Amino acid sequence: MKGIRQLAEHLDISIGTVSRALNGKPDVNEETRKRVLAAAEELGYVANQSGRSLRQGTTNVIGLMLEMSKETTENGDNFFLGLTGGLQNVLSRHKLDLIMLPCPSDEDPHEYLKRMVARRVVDAMIISATQRIDKRIDLLSRTKIPFVALGRSTSGSNYPWIDLDFDGVANSAVDRLVAHGHRRIAIAAPSNDINLGFIFLDGYRRALERHGIAFDPSLVIRVKSSEQGGYQAAHEILLIKDRPTAVILIYELMAIGLYRRLNEAGVVPGRDLAVIGFREEPRAKFLQPTLTCFRMSLPDLGVELAETLLATMPAYSHFYPEGARSRIWPLELVPGESDGFQLGKDG
């Protein structure tokens with residue numbers, strides 16, 4: 001028995017009363033509500049959510065847009081798995097569901113999002129992998145769909161975002177390496193137009209300038225953000241005539257590929273080349289020497305993203321009076337053995 005009419009006939013009460021009881025309306029007494037809920041469970045009644053969504057003009061679904069590629073699938077990156085735990089903790093308070101919207105790497109993210117918007121798949125969006133110029137931000141602003149961006153962009157004007165502190169990572173890493181005597185410090189930067197790469201590179205340049213070190217473009221290694229990218233970065237470093245003595249990575253799994261290529265060449269991380277990774281990653285924790293990297297709480301970041309998004313939605317904003325504020329998310333340096341050696345004055 002699936003229909004609300006049959007449920008009402010079974011209980012011998014009006015359809016309206018059954019509907020209000022199922023929807024938690026306050027004008028239904030508690031005894032009647034319990035009767036309706038018990039009967040619905042006993043008879044296997046399931047509300048037609050799509051019909052209700054059409055009537056109310058909402059889906060009660062939040063979308064998390066991801067950009068998928070062969071590298072992200074093969075590498076098993078756990079970043080978004082950790083993030084969704086925090087997102088779900090907040091969304092479940094309000095009986096909201098989270099769905100992943102994976103955009104294939106061979107499709108324009110703007111066109112993919114246009115299709116999702118046209119279909120009204122979700123009530124609000126979380127977008128990630130923001131580009132330097134990101135047309136998705138203009139699209140969501142124009143269509144007035146609530147959204148929050150995981151990452152800043154030069155597009156748009158007044159929209160909420162949360163971004164990892166890539167500038168702080170670059171500065172902390174350079175400061176640490178310079179304190180150990182390094183002057184030729186390479187970085188492995190993304191090969192695409194993702195905005196975090198520009199922020200990271202700007203922070204790196206400013207940090208070098210603070211220490212009186214000239215910026216050398218040949219030490220900026222452009223590779224994919226993947227294990228394979230780390231392998232390629234190490235290969236390119238080995239080809240540099242005046243080889244750098246240290247490298248900073250911008251993606252957590254790069255360290256695995258980098259270590260492998262260095263070991264193939266007989267170059268020992270932490271002895272012949274100082275390495276600072278990005279975020280702590282379970283698969284990288286068994287690397288030897290242990291990797292110096294940065295720590296953050298993915299569930300806490302997920303909570304912050306969800307609460308920031310809900311603050312932009314009229315139905316939920318009163319729960320989050322601080323509003324939809326943008327912020328930079330800090331990371332804490334975790335010292336390891338991969339950059340622990342000191343260079344001499346001639347290093």
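Which residues in α12 are buried? They are M254, A255, I256, G257, L258, Y259, R261 and L262. The model is predicted.

**Helix α12 and its cover**

- Eight of the 11 residues of α12 are buried, so the helix is largely enclosed by the rest of the structure.
- The cover over the buried residues of α12 includes the strands β6, β7, β8 and β9 as well as the helix α11.
- After α12 comes G266, which has a positive phi near 75°.

**The packing of α11 on α12**

- Helix α11 spans residues 227-239 and helix α12 spans residues 254-264; the two pack at an angle of about 40°, and their axes are 6 Å apart.
- Angles under 35 degrees would count as roughly parallel and those from 65 to 115 as roughly perpendicular, so α11 is oblique to α12.
- The crossing of the helices α11 and α12 is right-handed.
- On the α11 side, the residues in contact are E227, G230, Y231, A234, H235 and L238.
- On the α12 side, they are M254, I256, G257, L258, R260, R261, L262 and E264.
- By type, the residues of this contact between α11 and α12 comprise seven nonpolar, three polar and four charged.

- Six strands make up an open sheet in the order β2-β1-β3-β4-β5-β11, and their pairing is parallel.
- The edges are held by β2 (97-104) and β11 (327-329); each has a single partner strand, so one side of each has no neighbour in the sheet.
- On average, neighbouring strands of this sheet are turned by 20° against each other, direction ignored.
- Strand β1, residues 61-68, runs parallel to β2 and is joined to it by eight bridges.
- Within that pairing, L66 has P102 of β2 as its bridge partner.

**The sheet with mixed pairing**

- Another open sheet of six strands has the order β7-β6-β8-β9-β10-β12, and here the pairing is mixed.
- β7 (220-223) and β12 (332-334) are its edge strands; each has a single partner strand, so one side of each is left without a neighbour in the sheet.
- Neighbouring strands in this sheet are turned against each other by 20° on average, direction ignored.
- Strand β10, residues 292-295, is antiparallel to β12, and three bridges join the two.
- F294 has L333 in β12 as its bridge partner.
- Helix α12 packs on this sheet and touches β6 (185-190), β7, β8 (246-249) and β9 (274-279).
- The direction of α12 makes about 150° with that of β8.

- G181 sits in the loop between α9 (166-179) and β6.
- The relative accessibility of G181 is 26%, so this residue counts as partly exposed.
- Apart from neighbours within four places in sequence, G181 is in contact with Q342 and L343.
- G181 and L343 are 162 residues apart in sequence, while their C-alpha atoms are 4.9 Å apart in space.

**A cis peptide bond**

- The peptide bond joining Q288 and P289 is cis, with omega about 0°.
- P289 belongs to the loop between β9 and β10.

- D12 is not a glycine, yet its phi is positive, at about 60°.
- D12 is placed in the loop between α1 (4-11) and α2 (15-22).
- With a relative accessible area of 70%, D12 is exposed.
- R120 is not a glycine either, and its phi is positive, at about 50°.
- R120 is placed in the loop between α7 (109-118) and β3 (124-127).
- With a relative accessible area of 47%, R120 is partly exposed.

Note on methods. Residues are numbered from 1 along each chain as its sequence is written. This is a predicted model: local features need pLDDT of at least 70, side-chain atom pairs count only at pLDDT 80 or more; totals for chains, interfaces and linings use all residues. Side-chain values use heavy atoms; hydrogens and water are left out. Axes are lines fitted to C-alpha atoms, for helices over the stretch in contact, and angles run from 0 to 180 degrees between N-to-C directions. Helices (H or I, at least four residues) and strands (E, at least two) are DSSP runs, numbered from the N terminus. Angles under 35 degrees count as roughly parallel, over 145 as roughly antiparallel, 65 to 115 as roughly perpendicular and the rest as oblique. A crossing is left-handed if the near helix is turned anticlockwise from the far one by less than a right angle, and right-handed if clockwise. Contact means heavy atoms within 4.5 Å. Ala, Val, Leu, Ile, Met, Phe, Trp, Tyr, Cys and Pro count as nonpolar, Asp, Glu, Lys and Arg as charged, and the others, Gly among them, as polar. Two strands pair if DSSP finds at least two bridges between them. Buried means under 20% relative accessible area, exposed over 50%, partly exposed in between (1.4 Å probe, protein chains only).
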